[in-house]
There are 2 protein chains.
Amino acid sequence: MALGRCSDQERRQAVLAMADALEAEASAIVAANAADLEAAAAADLAPSLVARLKLDASKLAGAIEGVRQVAQLPDPVGVRQMHRELDSGLVLERLSVPLGVLGVIFEARPDAVMQIASLAIRSGNGAILKGGREANRSCTAILSALRSGLAASAVSPQALELLTSREESLALLKLDGLVDLIIPRGSNELVRFIQDNTRIPVLGHADGVCHLYVDQEVDVPQAIRIALDAKTQYPAACNAIETLLIHRSSAAAFLEQALPAFAEAGVELRGDAASQALGVSTAAEESDWRTEYSDLILSVRVVDDLQKALDHIARHGSRHTECICTTNGATAETFLRSVDSAGVYHNCSTRFADGFRYGFGAEVGISTQTLPPRGPVGLEGLVTYRYLLRGDGHIAADYASGARSFSHRDCPL
Amino acid sequence: MALGRCSDQERRQAVLAMADALEAEASAIVAANAADLEAAAAADLAPSLVARLKLDASKLAGAIEGVRQVAQLPDPVGVRQMHRELDSGLVLERLSVPLGVLGVIFEARPDAVMQIASLAIRSGNGAILKGGREANRSCTAILSALRSGLAASAVSPQALELLTSREESLALLKLDGLVDLIIPRGSNELVRFIQDNTRIPVLGHADGVCHLYVDQEVDVPQAIRIALDAKTQYPAACNAIETLLIHRSSAAAFLEQALPAFAEAGVELRGDAASQALGVSTAAEESDWRTEYSDLILSVRVVDDLQKALDHIARHGSRHTECICTTNGATAETFLRSVDSAGVYHNCSTRFADGFRYGFGAEVGISTQTLPPRGPVGLEGLVTYRYLLRGDGHIAADYASGARSFSHRDCPL
């Protein structure tokens, strides 16, 4: 059946069938991945890429569990967002509907195929997936399992397609009108390349240059705890901080305790002149303020006041997630109102910027664009809406002439 | 004060001050428009363009009344869309916030300046406006009034800027990162040019090729009434129908009554072979199925069944608004579920696709894109949202280690 017309129950069952099929074909998938890993070793691939590529039996079991969880998420389709009588017998509804077809482009990470494919089917969307060449065997094996799962469901296996060549991937970016949303999962370079080469909306972000601002009125030990977590808990994450801004009046007290803590955690600091005078040993270059290190490196700048911190963030930030550490509630509120990022935090780690942590159950990605959906995007980012209007011969001329008039009465959702 | 931080009351008052200033400078505005009209006559501008350009005292009074109505619309900013405790003391909110800066590009129609400027200020957005050269004097006079109104309010007059040269307009399209949304108001060609020349999201639509499908089970007089309204009530509107699809079994009965009615209304029909056999005198070319006539012309095609109608719409439609006329409820529901347009209607005129008629109070434009906002867009299309997270030293490591766990408890909005 056409996926867009499948019921909640049918889509849920299809995702569970996908999980069952992955389980049934687990050994074939792990073997295909082993072959990819062998080829990667022979080709001298970067260790970080190899780590992401690896899909052993236990990682696969975890991914299958994730697919089952997606099946349990509430249906994002068919939600009545508006219900209004325009006039007697003329009733407007706004219903959530699937976007249509997702184009998913990712590097290495064969586990992303399972995650995105299950989110797509759960939300009634078809998906065209393109993995990195290095993961070709793994992705092919996974797709074959996913499609055999769909064959045992109401959803057509054709709802999922795998592309394997770079030419096909470039062609995918040109399919405006057929593909409704591109979801890139990979390096900043991949995302930027995609944004520059398609007119299809792209969900995601290139950079995650997140900031932590330490105010003049601050609980220093708490701010250090937050800074350490935000930098070191998973330095490669997009929601890790890259720059620490410190109010001039608290800089000495903060750095005195923070420097040994950062040193112990293995964090390299790169500071401006003022922070160097307070003990930061390496000088920051202008480019440091725009760099997502994805590593245990942190740039440090001393600022004269809150406004200077806001200016720095507006100029160098990537509108991902920024945090203020302050004990002054009014200062916190000014920061929360002034920073134009998808996430703005007070006294907590930027690492919370994540769909699972927000309670969305799953995450398609994190968007730093201005228009919604932005921030961590769950299933709701994979639907749009449609206005349905039901009448009984109603025509506009009767309202233009004054023969009839609108009631605009909201009805229960 | 920075517009983004102004309160509901301040923004409302600013819009009213804009209306007052327009009133105070009405005679200067009308005089400037008269000079534009004179130049247009000398330059032999198309009559339709001259009609849109004209802004006499009564049209201006109507536009000022529209500005006052925008002031009364409910505030779209600061709406709490989500409120969730992630853990004790760690509370997530999702608040609606202004987009930032709108880029507005329009042809002729100086009244659009007032409408869009008031919607921008009401929603906390700055706007850079670029009018057609032919409306230069009118727009300059209007902007001067709007800014003097703002000068008597909490909002800075700099929130509104007018561009006058084509070079500035092209530069505006390149301001990604500074301008958050482009709103074009003008011809299909203008919109298409803008979509092709910017990476900033564009709110709107190039084409409005709307369809009316007359089913085999149909109340013929009602269907004719709806078809006439949808074609003739305002043929230049984007929500007017351009193509009539008729089920083969009802084609003879429908056309027998419809042909004289269309003839009387001055509508020229262009039909396929089957409809020509039933009396449509002119042959439709392949290009007719993709043409927005914006005139009293209608293409007509006889289809074998509902599926063929759906196929035609999917192939040639612009995803704006489509309607089915049928007395069969199940057929109607299939149509409503299957057509992927911003508006899908049953037994009423497509001319209802309009923000005022939907009860939004005002309209920024109609979007035919897949992602929200789509369809008629009111003030809600001029805001986005931001996630605010307030904690008390919460760090991600505690949740990774299992020392703490998420509650994800929804709180009242």
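A rotation of 180° with 0.0 Å of shift along its axis superposes chain B on chain A, with an RMSD of 0.0 Å. That is the relation of a two-fold axis. The superposition is by least squares on C-alpha atoms of residues with pLDDT of at least 70 in both copies. Of the interface residues of chain B, 100% are also interface residues in chain A, so the copies meet through the same surface.

This is a predicted model: local features need pLDDT of at least 70, side-chain atom pairs count only at pLDDT 80 or more, and totals for chains, interfaces and linings use all residues. Residues are numbered from 1 along each chain as its sequence is written, while chains are lettered from A and ligands numbered from 1 in the order in which they are written. The model scores ipTM 0.93 and pTM 0.92. Chain A averages a pLDDT (the predictor's confidence in each residue, from 0 to 100) of 94, and 100% of its residues score at least 70.

Chain A has two helices in contact, H4(A) and H5(A). Helices are DSSP runs (H or I, at least four residues), numbered from the N terminus. Contact means C-beta atoms, placed from the backbone, within 7 Å.

| Helix | Residues | Contact residues |
|---|---|---|
| H4(A) | 57–72 | Lys59(A), Ala63(A), Gly66(A), Val67(A), Val70(A), Ala71(A) |
| H5(A) | 111–122 | Asp111(A), Met114(A), Gln115(A), Ser118(A), Leu119(A), Arg122(A) |

The axes of H4(A) and H5(A) come within 9 Å and cross at roughly 10°. That makes H4(A) roughly parallel to H5(A), a term for angles under 35 degrees. Axes are lines fitted to C-alpha atoms over the stretch in contact, and angles run from 0 to 180 degrees between N-to-C directions.

Conventions. Two residues are in contact if their C-beta atoms, placed from the backbone, lie within 7 Å. Angles under 35 degrees count as roughly parallel, over 145 as roughly antiparallel, 65 to 115 as roughly perpendicular and the rest as oblique.
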